[in-house]
Amino acid sequence: MTNFSDLLLDVARVRKDFPILEREVHGKPLVYFDNAATCQTPQSVIDAFDHYYRRMNANIHRGLHSLADEATAAFENARETVRAFINAAESREVIFTRGTTEALNLVAQSWGRANLGAGDEVLVSQMEHHSNIVPWQLLAQERGFTIKVIPVDERGVLDLHAYHDLLNERTRLVAVNHVSNALGTINPVKEMTATAHEHGALVLIDGAQAAPHIAIDVQGIGADFYALSAHKVYGPTGAGALYGRAELLEAMPPWQGGGEMIATVSFDVPTTFADIPHKFEAGTPAIAEVVAFGRAIEWVNSIGLEHIAAWENRLLKHASEAVSGIDGLRIIGTAPEKAAVLSFVVDGAHSQDIGLLIDQFGVAIRTGHHCAQPLLSRLGVDATCRASFAAYNTPEEVDVFVDGLQHVINMLR
Ligand code: PMP
């Protein structure tokens, strides 16, 4: 039995912050292991919505009245909270988006459309989420650049020798995830960024799965762009952020036009644009969601990301050891550096059936291709079961999951 007593996370206290954990599913206590898809929100984040709509709802930035002022301050405070969370140098380097997907599309449509053309190469890894593949494919069709793929070995680790060989003077961008959502592999983004920079390429990091588990330091990494989603960090859906180095963002054209992003609009002389970050925030943003995003980060900070990470690593170790006793179960993704994700397949039991049946035990896991079809196909599977952990999960829940899994497998064989 794995020991958890040395860890500085009071899981009982943490759980009290999450009202949803009180509910039952099929008459059983909810065991929520689908955190990599979206994680649950603490009461303080739910309260942020309530407070916002009861006390300060107003459109931001243009109003002169008190509510507009307060809502603007709350929104801009959230920007500062995100800045500090990722250690950006300035808050104007943080652009609010609907999430990671929109952040990655912003880079493709603004920087990519302006800078990529025939003869250029973009490197993406074989373990990318579709949201860091398809925007590049869509743009490549239009702009005629080439997409090259950094391969992954059978453990789910990026082949860094191949990466070095792929980099050349035509490489303009390396687009890579920090942590794989399908396998949990942690990629050496700092080293990869340094090498890309030696070749004059920029680096875009998809941090959707890193943000809840790893202290992000965009300056330490040297990242040019970094994307994250609020709902993976105990926040709401509908909000996320793109970090971009100020000088890059300043040189990039807008990607969506509308209110908020302009300086002056005219039919007679060219329309001029607002300074960053507003140039990239056309229209009314998801104000309450962004404010709640800030509150979610405050919640993470109150627990301590390092304590959360240590707790989840121990859960991962416990779960990996426990499932390894199950006959015919194979863990997919055995990288030495992993975060909070246990992906597996079982001989004679289809992943979808396992996911459906284990729900009867109150256990929520995700099954399928996890929006990473090229990765799964490289690893010779078309679907896996994925259990992913958060700060509120317990070793007892892991035991319920492993028992349920064994029952389900027995039923299916
Ligand atoms: N990248 C990774 C690694 C992800 O895990 C996800 C979400 N599954 C995304 C990008 C997309 O994030 P969102 O759906 O929040 O835009």
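**Labels and the values behind them**

Author: Let's start in strand 17, where Cys-385 is the bridge partner of Thr-367. This is a predicted model, so local features need pLDDT of at least 70 and side-chain atom pairs pLDDT 80 or more, while totals for chains, interfaces and linings use all residues. Numbering runs from 1 along each chain as its sequence is written, and side-chain values use heavy atoms, without hydrogens or water.

Reader: What makes strands 16 and 17 a pair?

Author: Two strands pair if DSSP finds at least two bridges between them. Strand 16 (residues 366–368) and strand 17 are joined by 3 bridges and run antiparallel, so they qualify under that rule. (Strands are DSSP E runs of at least two residues, helices are H or I runs of at least four, and both are numbered from the N terminus.) Strand 14 (residues 341–346) is also antiparallel to strand 17, over 4 bridges, with Leu-342 opposite Ala-387.

Reader: Why is strand 17 called largely enclosed?

Author: Because 5 of its 5 residues, 384–388, are buried. Buried means under 20% relative accessible area, exposed means over 50%, and partly exposed is in between (1.4 Å probe, protein chains only). In a regular strand, side chains alternate between the two faces of the sheet. Here both faces are covered, with Thr-384, Arg-386 and Ser-388 buried on one side and Cys-385 and Ala-387 on the other.

Reader: How do you know that Ser-388 is buried?

Author: Its relative accessible area is 2%, which is under the 20% limit. Ser-388 is in contact with Tyr-32, Phe-33, Asp-34, Asn-35, Ala-36, Ala-340, Val-341 and Asn-393, leaving aside neighbours within four places in sequence. Contact there means heavy atoms within 4.5 Å.

Reader: Why does His-407 count as partly exposed?

Author: It has 47% relative accessibility, and that falls between 20% and 50%. His-407 lies in helix 14.

Reader: What makes the phi of His-61 worth a remark?

Author: Most residues other than glycine have a negative phi, and most peptide bonds are trans. His-61 has a positive phi, near 75 degrees, and sits in the loop between helix 2 (43–56) and helix 3. Cys-371 is another non-glycine with positive phi, about 55 degrees. The peptide bond joining Ile-276 and Pro-277 is cis, with omega about 5 degrees.

Reader: Which residues surround the ligand, and what are the distances for Thr-101 and Asp-206?

Author: The surrounding set is Thr-100, Thr-101, His-129, Ser-131, Asn-181, Asp-206, Ala-208, Gln-209, Ser-229, His-231 and Lys-232; a residue joins it if one of its heavy atoms lies within 4 Å. A side-chain N or O atom of Thr-101 is 2.6 Å from a ligand oxygen, and a polar side-chain atom of Asp-206 is 2.5 Å from a ligand nitrogen. A polar contact is a pair of N or O atoms within 3.5 Å, so both distances fall inside the limit.

Definitions and conventions
A polar contact is a pair of N or O atoms within 3.5 Å; within protein, one must be able to donate a hydrogen and the other to accept it, and residues adjacent in sequence count only if both atoms are side-chain atoms.
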